[in-house]
Structure formats: C-alpha cells, structure tokens
Amino acid sequence: MTATDPENTGPRKAGPADGAAVSAHVSVEPADILLIEDDAQDAFLVEELLADTPLDSRITWVPTLGDARKHLTGFRGCVLLDLNLPDASGLGLLREVLTAVESAAVVVLTGLHDEHEGIAAVAAGAQDYLVKGQVDGSLLARSLRYSIERQRADENARQLREAEMYARENMRLERGLLPQVLLDSSPLSHLSFYRPGRKRAIVGGDFFDAVQKDGTTHIVIGDVSGHGPDEAALGVSLRIAWRALVMGGVAEERLLPALEEILISERAQEEMYATLCQTSLDVEREQARIRLLGHPPPLLITSGEVKEILAVPRPPLGVFPEDESDVEEVAFPRGSTLLFYTDGLVDAFDGGPPDRLEVHGLRRILIDVLDRGTSLTDLPGQVVDEAERHNGGPLQDDVAMLLMTYGEQA
Amino acid sequence: MDLKLDHYTEDDTEIVVVEGEIDVYTAPRLRELLIDLVNKGNVHLVVNMEKVEFLDSTGLGVLVGGLKRVRAHDGTLDLVCTQERILKIFRITGLTKVFGIYESVQEAIDKRKSK
C-alpha cells in the first residue's frame, strides 16, 4: 500500500494524523446559513453567489426579524443579517440577534452608503460585514466560512476558560476540605484517599481532619448534605473550626456541641446539615471513643479481621441540637486500623438498583481485598475499584477515606 | 427520575403522598409544598413515603426543614413508611429519633391524637 491512494475517503483514513483527510473533512461539512433579508432580489443574489462556490451551504431565508425568531434559538451556523428590515434595524436589531443565537456567528449586510454601520456592527459583536453590490461569490463564501470557524474557536476558548476556572476552584476547595493532618509526634500512622464522583464539576462537601492533642488523637470525617459551592464552603468552615477547637484545648465531649453552634451560625440555608464521625484515639488505654452523627460507622481491622462498629448514630449535626450523649468505646490495640469513609462509598449499588452496598457490603469487600494480601497502602484504591465494579461504573458521589493505624502501616 | 406529589385532608391532618425519587433535583418541589401547606395553616402533616424509591441527603434536609417549620407552630410531621430500604436511611442517619415513623396513615393520626 502506498501513500497516494486516489480514493482517500475511507473512514479509517479520517484519523487525526492524516492531514489531508482532516482538512477535506472540514471543507465538505455543510454550512447552515440563516439569511435574514427582506429584499427578495438581494436574497436571490446571495443564493446564486453561493451556488457557484465550493462552500456546501444550506440556506434558510426569512424576510423579517419576526420570522427569524423561531430559527434563532440554538442555531449553530452563520446568520447573514440585513441591517435594514421592515420590523427592526441597526445595532438594536443586531443586539437582539446576537443575544438570541448565543453560539452562532453573525455577518451583517450593509448598503453601499452605510459602510460605517458595518464597522459599528463588528465592534458590537458581529464577526464580519459585507457591502451589498461589492461582494462576489468567493468573498461571500470565505467570509461565512471564516466567521463560523472563528465563532467556534471563540466558543471553545470560552469553554476552556470556564473549565480552568472550575478546576482551580475545585483545587482550592479540596485543599480546604482534605488537609495535611497534624500527627507529627503521634504513634499513629495514617493514609488518606479521595476520589471525586462523576455527577458534577464541583467538589462536594466531604471533609476530614486529624489532630493530636495532649496524648489523644482526634479524627473527624464528614459530609455536608446536598451538593454545590455553598456545601463545599461550609465543609471547609467546619473542618477548620473543628481543628481550631481541638488545638484550642476544648474538651473532647464539648467539641461537637461547639461545632454544631458554628454550623448553625455559618450555614447559608436553614436546611443544611452535616453527617460526621468523630473518633478520639487514646493509645495509652488502647481505646477508641466513637461519636456518630448521622454517619455510617468506621470499620475496625484487627489482625486480619474486619469488624463493623455497631454504634447507634445520633441525628446529624445541625438537625436538632441536643446535648452530648452516646459514645461508643471500643478496644484499639497496637496493630489495629480504623477505616473512616464518607457515604459515597456505601451508597454504591450492589450489583444494580435498588440494592446498595451499605456497611455490610463494604465489610465484605474489605475482607476480600485483604484476603488477596493487599497492603494497607493499596487498600483504599482497591476498595473503591471493587465498589465501582459492584456499582457497574464510577460512583455517583465523591468518596473520602482515612485509615488510622496504631503503629506502622504494613 | 421523577417525583409525584399529592395531598388531601383527613381529620385535621394534611396527608402528603410522595411518589418517586426525592433528590437534589426534585426536593425543591417537596419543600415548596410543605411550606405552602404550613403557610395555609396546616400544622399537622403526615408524609406518606410508601411509594418513594429514593431519598438523598437533600431530601432528608427538606423533611427535617418541614419538621422544624411545623414545630415552630406546635405542629407535627410524621412519616408513613414500611419499606426497609427507606427505613435504613433513617436509621443510619439517626433520624428515627427525630421523626415518628408509622406503618399507616391511620396509625400516624391515631398515635398523634393519643399523645
């Protein structure tokens, strides 16, 4: 097979590396033209001029702005607009058309003595202007083609800018929600993990933190209800407030009531609440004190066995504030690991709707992954992979995980 | 991916029948209905959840918001639900301590009146 194949049209040849095929593809794509022109003779002339050019065009002709309106919304080609219509004219007409089309190119037609109008139109957002009577077919075709391509490039640049802004915003929020934990002199080792869900461009309100204070390591993991920038911002506020309370020496049993007051004063809407699990690890007594507020319980891994901690959750933070009550105390001997997670993980489907993994399903997955001899370092990634397999694809929601081990992590 | 809402009066109680999915997209409609009912003076509400297929954290927030609203008028908001799938959500979020959850509309009304 040589490079010169006369029948250069096969779909296999349309790859990005094949320059000839790509440019051919561009020039044969038909251009949608919406011609808004009240003069039937001028309209006929445009059609005739274009018919003689290689530009493959589909022309829709309407004589007034009123007739054009129903075509404008969602139109993606090029509008060829006479600036003197019976029902509208000038820059006012242009602005209405530009607003209505959003993502189409607009080229205006002016009379011989109104060229200044054409220049003003370009300044106001038209891609180009053409003076009637001075246009031949190739100039018209080139102007339309270039305008469509320029409009497309502008549109792409705008989308790219938007995506970059989102990405930067997400990074900023993620740093606030998922920080470097403060465990420098702790006998505990930790591992954190985060995988965003597929449902949106902005991060959710999942957050975690761990701070060592006076021989006890306090851990929090939580999730602000709902999704959006308000929720993520509240997650950041809660995480930093909680860290400040711990570092400020507030007693363990006072941390969550104080955090609840902060949530109530900071939330944007009355309905917002947070589910969370706070755990205080007392290595001297080899004990974990667990407080659950509307959050699924952590899993305890001790010498290869996985235990679901059967703590009874209180309502979430910010629902109906109540005084400190249930604390679940469990043994946390050297070598054990606690796995904390947000509910995106247990909300995964278990083989398909409507069954969800839930905590016992997560425990099952954890046992399987550990049985394969997986190290703790690889554990979070493999657990989420496995949850995605059960779910039949990427998880809907974000997942944050934090592993805390008394001693070194194998 | 849809939510159907209906409501009717029984005794002095307004029964709200919810069918489908209460999620971040549909929850605003349930919120509107609850606010509207309370504004019209209905302070004893029963939300029948027997035909709810899915409930997310935003949906829970709307129910809690409704409960706060009726409590401000010395009212009640009880739920009717026997579906294990939905009950589990209330259990794991600790909200069984907040809502009265009953097996039928009649039971919900009777229990409230006997209090």
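A:Tyr406 is buried in the predicted model, with a relative accessibility of 8%. Its partner in an aromatic pair is A:Phe332, and the two ring centres are 6.3 Å apart. Because the planes meet at 20 degrees, under the limit of 30 degrees, the pair is classed as stacked.

Over all chains, the count of aromatic pairs is two. In chain B, the rings of B:Phe90 and B:Phe99 are arranged edge-to-face, with 85 degrees between the planes and 5.8 Å from centre to centre. B:Phe90 is buried at 0% relative accessibility, and B:Phe99 is buried with a relative accessible area of 5%.

Charged side chains of chain B are placed over an aromatic ring of chain A. The charged end of B:Arg71 sits over the ring of A:Phe320, at 4.4 Å from the ring centre. B:Lys68 lies over the face of A:Phe320 as well, with a distance of 5.9 Å to the ring centre.

B:Thr26 is in the loop that runs between strand 2 (13-22) and helix 1 (27-39) of chain B. Its relative accessibility is 7%, so B:Thr26 counts as buried. The side chain of B:Thr26 reaches the backbone oxygen of B:Glu21 at 2.6 Å. Apart from neighbours within four places in sequence, B:Thr26 contacts B:Leu3 and B:Glu21.

Terms used:
Residues are numbered from 1 along each chain as its sequence is written. Chains are lettered from A and ligands numbered from 1 in the order in which they are written. This is a predicted model: local features need pLDDT of at least 70, side-chain atom pairs count only at pLDDT 80 or more; totals for chains, interfaces and linings use all residues. Side-chain values use heavy atoms; hydrogens and water are left out. Helices (H or I, at least four residues) and strands (E, at least two) are DSSP runs, numbered from the N terminus. Buried means under 20% relative accessible area, exposed over 50%, partly exposed in between (1.4 Å probe, protein chains only). A polar contact is a pair of N or O atoms within 3.5 Å; within protein, one must be able to donate a hydrogen and the other to accept it, and residues adjacent in sequence count only if both atoms are side-chain atoms. Contact means heavy atoms within 4.5 Å. Rings of Phe, Tyr and Trp (its six-membered ring) pair if their centres lie within 6.5 Å; planes under 30 degrees apart count as stacked, over 60 as edge-to-face and the rest as tilted. A charge sits over a ring if NZ of Lys or CZ of Arg is within 6 Å of the ring centre and within 35 degrees of the ring normal.
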